[in-house]
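Have the structure open while you read.

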Amino acid sequence: MPSILRHLFLLVLAFALAPAQGQIAQTKNDFEDKFRQLDESWPTPTTTRSATGAPGPAYWQQQVDYDIDVHLLEEGRRIEGEARIRYHNNSPEALAYLWFQMDQNRFRPDSDDSLTRTFGNKDRITYRTLRREQFMADVPGGYDLGAVTDAQGKALPFVVRDTLMRVDLPKPLAPGKETEVRIQWAFNIQETNATGGRAGFEHFAEDGNDIFLLAQWYPRLAAFSDYEGWHNKAFLGNGEFTLEFGDYEVAITVPADHVVASTGVLQNPRDVMSDEERARMKAAETAEDPVFIVTAEEALAKEGQRATEERTWRFKAENVRDFAWASSRKFIWDAQGYAQDGEGVAPDRVMAMSFYPKEGEPLWSRYSTESVIHTMEVYSRYSFPYPYPTAQSVNGPVGGMEYPMITFNGPRTDPHKDGDRTYSRGEKEFLIGVVIHEIGHIYFPMTVNSDERQWTWMDEGINTFLQHLAEMEWGEGMRSDRGDPRYITDYMTSSRQVPIMTNSESIFQFGNNAYAKPATALNILRETILGRELFDFAFREYAQRWKFKRPTPYDLFRTLEESSGVDLDWFWRGWFYSTDHVDISLDRVVKMRLDTSNPEIEKAWEREQQQAEPTYRFGAKNEAAGLVPRTERYPELKDLYAENDEFTVTNKDRNGFDEFLEGLVDKNDSDPEWPRRVYERAVAENANYYILEFSNLGGLVMPVILGITYADGSEEELRMPAEIWRRSPKSVRKLLVRDREITQIVVDPHWETADVNVENNHYPRQIIPSRLEMYRYKRKERNLMSDLRVERKTETPDATPAEEADSVADDAVPMTEE
């Protein structure tokens, strides 16, 4: 048989003989193997992706380079652009076409997103919903495409399908080759506060200016990977973006008085910055505190004027997976250099910068850039040094969104009646937290390039976990809910949830599923399952293996197991593949002592147990009634049983004990006295034996952590691995042998496993403290006779009847903001 046919035959035979996952079935009893290995469902390792979780020797990924000219038309709130795109085919396959992400098409009325939006309320509609409908009716959304050509200007055939565009190539692009596509486009910028989304403009009615945040603003190549081929799933709003790394050169033309923040490094500062601004930037590189590049006074002066000229800001970015920018004359701009530690670290200095309007002060100048630097300090310790020359935080209408080197963050301050602005503790912690989160995303997924469209938790959950670590290092008692196990318990018991390993567009309770639960799981894995040393090494290994590459969940799972040396399949199965929750109940504790078989000891113990029982009240009542027992009135009726109870030791009992001791010697054993020695030591130690009975009510197997209190006031913590459940996942019994008397046992005493019910964690049971709210029901009924006598407080002199009708309607119809 020829060699190639023999190999083909063996391959077919191997597939035929391999048991399919569906053929593995537990048909006897109701046993559920919580520790069954996940290799049965994970993809088979290849030379592209190793069984260790590392990129294999044949790993590849595509590269896409962009050269873009873009023009911001401020008056029309519109973008016009032209891109020259170079696509490098590093895959082993020839490609007949290229797929582009056209995410602005989401805002078309005929998009999949628009057509599949559902209405939740029966007879109420929010102002926000109406505002979105009105804006989309007034302002056409989506791309207006111009020419799509090759490098020579020859038109290329293309098909647009919702938020995707397929461009057909003249001939298949062979492995190792590259091609160029040129595209012209334009679109109307969305008003973010009206339509939502991750970009857009915000209008300030008081001064007539806008802040523009531009993202998903150009046709972007969809990813092509070894595990999925083309990632051409339409964008429905939740699952974010899967992209390729590449180099960018972008020229951004805006009004001359605008300040532009952008991915990359500014190439022409002399053309767009004043001498004073450049000098301030130079000083900021080595400053110990943020330095204003554009002061609040300078930004305010621009607000009352509008430049008639334009300037072009030129940026260059290397090895990034996306490009975003922001532009406004309202921006205050501060910066501070951050020196990265470590030999050979590149870049050795990062410019941390913030851009914000006066409406963000004094909060932003105090905390934004500081939070950027704090994020880099913490994240770099757990993963790798920050990989880019700039890290920016920009305030605008987007609450929180990330792109390479630039983030959009939302918190503002509140105007005070004295003309100043103030902020609450919540707004302060929101700013610090969202900056940490979004700058953290530059590590995950902007550098560790996971597939956001398919597995949202891989960037949001991992990043939220690291955010929790950074927030816990901030100080001032900053609350960090997502990561602390106690705050996930309500979600874990809710009925409206799906496993973490669910596609982004099918998730219920998005924030809990994609952010909080995986962050909590990883925190538990670090603090409770593996310990910090093992986890930190393994997680750093994952981050460094997949820096500037595209991992899957299985690469993460395998890396953490391989690097820690711990089988974690049970953990992934419970936390990521199921909707089980943790509820370990300590049902019963039985205290026991060894039966010594010595009648002198055992009969006395039995007598004590009987005497400890409650006295039968019948006799006590007879005594109280003056009834004297007959044997007391006639003593001659008493015999030896009056002096000896059922626990009296006899010689027969003693002879039986002697025979028992003789039977402990096994003359046929090489060490005939060992049973006798074991017995005598056990009797001498006189230990307490406790049998603990546990139930796993939530289904999710976890370590059993016990806090034990002894009668002498001492305490012990006992941590039993999750494998205690491996043969009996629903209930187990555990024997504890102690030389001291136990008075109380608590399961999960530090609330570190997300156990949803603390009441069944205590033995003996405890009264759980809570609060009972007092209220008085008061029925409120409309009194028309009284209401008609009320005079109008304010009048609108120039209001038309229609306007007055609108005012009345607004007061009368109960509508709430989302």
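Helices here are DSSP runs of H or I with at least four residues, strands are E runs of at least two, and both are numbered from the N terminus. Keep in mind that this is a predicted model.

Most peptide bonds are trans, and most residues other than glycine have a negative phi. Against that background, a few spots are worth a look. The bond from Glu361 to Pro362 is cis, its omega being near 0°. Pro362 sits in the loop that runs between strand E20 (349–356) and helix H8 (363–382). Another cis bond links Phe444 to Pro445, this one with omega about 15°. To find Pro445, go to the loop between helix H9 (425–440) and helix H10 (457–472).

Then there are positive phi values in residues other than glycine: Ser597 has phi near 70°, and Asn686 has phi near 50°. Look for Ser597 in the loop between strand E26 (584–592) and helix H16 (599–611). Asn686 belongs to the loop between helix H21 (674–685) and strand E27 (688–696).

| Residue | Relative accessible area | Class |
|---|---|---|
| Ser597 | 32% | partly exposed |
| Asn686 | 45% | partly exposed |
| Ile125 | 31% | partly exposed |

The partly exposed label covers what falls between buried, under 20%, and exposed, over 50%, so Ser597 at 32% gets it. Asn686 at 45% gets it too, because that value also lies between those cut-offs.

**A four-stranded sheet**

Now for the open sheet: four strands, ordered E29-E28-E31-E32, with antiparallel pairing. Which strands stand at the edges? They are E29 (715–720) and E32 (762–763); each has a single partner strand, so one side of each has no neighbour in the sheet. At the E32 end, strand E31 (residues 742–747) pairs with E32 in the antiparallel sense over two bridges. Within that pairing, Ile745 has Tyr763 of E32 as its bridge partner.

**A nonpolar patch**

Finally, the surface: Phe119, Ile125 and Leu130 make up a nonpolar patch there, and together they have about 240 Å² of accessible area. Ile125 is in the loop between helix H2 (112–115) and helix H3 (127–138). Patch members need over 30% relative accessible area, and Ile125 has 31%, so it clears that cut-off.

Key: Residues are numbered from 1 along each chain as its sequence is written. This is a predicted model: local features need pLDDT of at least 70, side-chain atom pairs count only at pLDDT 80 or more; totals for chains, interfaces and linings use all residues. Side-chain values use heavy atoms; hydrogens and water are left out. Buried means under 20% relative accessible area, exposed over 50%, partly exposed in between (1.4 Å probe, protein chains only). Two strands pair if DSSP finds at least two bridges between them. Patches are made of residues with over 30% relative accessible area and no salt bridge: like charges are joined within 9 Å, nonpolar side chains (Val, Leu, Ile, Met, Phe, Trp, Tyr) within 5 Å. Accessible areas come from the Shrake-Rupley method with a 1.4 Å probe; for residues, only the protein chains shown count as cover. A salt bridge is a side-chain nitrogen of Lys or Arg within 4 Å of a carboxyl oxygen of Asp or Glu.
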